[in-house]
Amino acid sequence: MEIHLLNMHRTFIRDPASSLSRLSLLKLLVAAALCIPRSYGEGLQNAGAVSQDIATNDIENGIRLLQSRSPADAKLRFSAALKANPNSAEAFTWRGIAENDLNQFKDAARDFEAALRLNPALLSAHYNLSLSLIRLGQKDRAIEELRFVVKSQPEVFESEYNLALLLEQTHSIAEAIEPLQAAYRARPDDAGVIQHLLIDLAA
């Protein structure tokens, strides 16, 4: 099954609580801007100025390491951020992203779930948790996570397309049509979306 397994920092999904869009590296290579989640949890506000600065610096250093395709080193930085501020949903989310890149999907899922306990509305954690669950074979749970994302932020290509493909495989073609149409509206020149949509509409 063709699944667009793109990590959150390679998509257009924006968290409602995110105050800053920054960095444009991986998607810039395909002429697309890249939205980086930032400042999700309230823990950073309460951990004290020193711990906050340490955690923020470690997260930023970890993001740079992810950009340079060094996920193992990035994971160490995000772990250091969590040591400085154990209530940072941002650090949990980024460490999960690094773990997905390292194929450590169980660890990644645990970190995304920890982020969601701190901030249940965090779209980046929901989306990336769905990617971990796909790899772990838990497709029904992945569908639940993707449904939450597309309901909160419709017509984002990656989430709509992944949801459609999972529904095609596990539920019904009829259910897949709506997210396929949304993916088509988001990216009408994508050959894969067009192919799936034509096949499903003809079924």
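User: Before we look at the loops of this predicted model, what counts as a helix here, and how are helices numbered?
Analyst: In this predicted model, a helix is a DSSP run of H or I with at least four residues. Such helices are numbered from the N terminus.

User: How many helices and how many strands are there in the chain?
Analyst: Read along the sequence, the chain follows the pattern α-α-α-α-α-α-α-α-α-α. The chain therefore has zero strands, and its helices, counted as DSSP runs, number 10.

User: Where does Arg-69 lie, and is Arg-69 buried or exposed?
Analyst: Arg-69 lies in the loop between helix 2 (49–67) and helix 3, and its phi is near 60°, a positive value in a residue other than glycine. Most residues other than glycine have a negative phi. Since exposed means over 50% relative accessible area, Arg-69, at 65% relative accessibility, counts as exposed.

User: How is helix 3 oriented relative to helix 4?
Analyst: The axes of helix 3 (residues 71–84) and helix 4 (residues 89–101) come within 9 Å and cross at roughly 160°. Because angles over 145 degrees count this way, helix 3 is, relative to helix 4, roughly antiparallel.

Note on methods: Residues are numbered from 1 along each chain as its sequence is written. This is a predicted model: local features need pLDDT of at least 70, side-chain atom pairs count only at pLDDT 80 or more; totals for chains, interfaces and linings use all residues. Side-chain values use heavy atoms; hydrogens and water are left out. Axes are lines fitted to C-alpha atoms, for helices over the stretch in contact, and angles run from 0 to 180 degrees between N-to-C directions. Helices (H or I, at least four residues) and strands (E, at least two) are DSSP runs, numbered from the N terminus. Angles under 35 degrees count as roughly parallel, over 145 as roughly antiparallel, 65 to 115 as roughly perpendicular and the rest as oblique. Buried means under 20% relative accessible area, exposed over 50%, partly exposed in between (1.4 Å probe, protein chains only).
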